[in-house]
Amino acid sequence: MRRYAVFGSPIAHSLSPFIHAAFARQTGIALEYVAIEAGHGDFAEKLAASGVDGANVTLPLKEDAFALCRSTSARAQRAGAVNTLLHEGDGWRGDNTDGLGLVRDLTERHGLDLRDRRVLLLGAGGAARGVAPALLDAGIHSLYIANRTAERADALADALGDPARVHPRGWDALSDLGEFDLLVNATAATRTGALPVLPMALVAPRSVAVDLNYGASAVAFLAWARAAGCAQALDGLGMLVEQAAESFSLWHGVRPETDAVYAALRARVETSPAAGD
Ligand code: ATR
């Protein structure tokens with residue numbers, strides 16, 4: 001039986017084993033998928049010892065995974081991060097399905113047209129880097145990147161290499177930016193502490209807000225988005241299932257249906273909001 005795993009820390013509440021088991025049942029592919037706790041210090045060793053045929057990588061290891069790959073896809077290079085590992089000889093090829101996962105969730109599940117939209121990306125860490133290239137590829141009009149540490153927003157903008165559309169800003173500039181069609185929370189603020197104050201003026205009645213987190217970590221931003229009057233406030237569960245489907249299809253050559261798995265996950269997260277990817 002082929003064996004797969006997700007590596008990260010903390011990993012105990014990962015939903016990925018549940019998602020991949022559901023895809024395996026649906027497609028009739030025999031596989032085992034487990035969660036393996038690993039940090040910066042022991043990831044490479046645990047990956048080698050696991051004997052897996054492929055792996056997902058989550059917080060805080062996406063940059064570590066990028067560094068250990070023999071080759072990487074163009075989208076992983078643009079993100080500077082890897083969430084999917086595929087065997088290449090006796091080494092690994094790295095890919096990144098996070099950005100595609102977000103765009104698929106927004107456009108296919110939620111019916112949004114991203115073309116020509118004004119987008120605000122809150123955060124400039126690993127999560128923001130993972131999704132920014134795919135948002136640009138989806139044809140958005142402009143991407144404002146606001147980060148507490150302005151230099152990190154500048155660095156991400158430089159890496160994206162699209163100065164006509166990408167505008168880095170410090171957090172203190174948020175009140176001068178006007179209204180956005182789409183607001184994406186890619187900060188770790190709601191996982192690690194409190195969400196900083198966000199100006200309501202960022203929101204118009206047509207605005208859609210999405211938090212890349214879900215469960216308890218998404219509550220604060222989504223509550224703000226609803227209070228500010230967003231038309232829709234979405235969590236990151238749909239992105240999670242879509243990035244998993246893309247990883248599954250890279251490994252197995254079959255694209256699973258995601259709607260039933262998404263519905264099952266939604267029920268699971270509502271009863272156990274501490275779940276993680
Ligand atoms: P991740 O992989 O989850 O993106 P990360 O690379 O450590 O983790 O990035 C965390 C992001 O959340 C950064 O954009 C960080 O801002 P800084 O670059 O200024 O550190 C942001 N963040 C974390 N805590 C925050 C807080 N309390 N307020 C605002 N932004 C915060």
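Quick housekeeping. This is a predicted model, where local features need pLDDT of at least 70 and side-chain atom pairs count only at pLDDT 80 or more, while totals for chains, interfaces and linings use all residues. Residues are numbered from 1 along each chain as its sequence is written, and side-chain values use heavy atoms, with hydrogens and water left out.

Back to the ligand. A ligand oxygen is also 2.8 Å from a polar backbone atom of Ala 127, and for Gly 125 the figure is 3.5 Å. There are 17 residues around the ligand, and Asn 147, Arg 148, Thr 149, Ala 188 and Arg 191 come nearest. Being near means having a heavy atom within 4 Å.

Which helix gives the largest share of that shell? That's α8, with 3 residues. Both α6 (126-137) and α8 (189-192) supply at least two. Helices here are DSSP runs of H or I, at least four residues, strands are runs of E, at least two, and both are numbered from the N terminus. By class, the shell has 7 nonpolar, 7 polar and 3 charged residues; Ala, Val, Leu, Ile, Met, Phe, Trp, Tyr, Cys and Pro count as nonpolar, Asp, Glu, Lys and Arg as charged, and the others, Gly among them, as polar.

Now, the helix pair. In α1, Phe 18, Ile 19, Ala 22, Phe 23 and Gln 26 meet Val 261, Ala 264, Leu 265 and Arg 268 of α11, where contact means heavy atoms within 4.5 Å. That contact has 7 nonpolar, 1 polar and 1 charged residues.

Last stop, the loops. Ser 9 and Pro 10 are joined by a cis peptide bond, omega about 0 degrees, and Pro 10 sits in the loop between β1 (2-8) and α1. Leu 59 and Pro 60 have a cis bond too, with omega about 0 degrees; Pro 60 is in the loop between β3 (54-57) and α3 (62-68).

How values were computed: A polar contact is a pair of N or O atoms within 3.5 Å; within protein, one must be able to donate a hydrogen and the other to accept it, and residues adjacent in sequence count only if both atoms are side-chain atoms.
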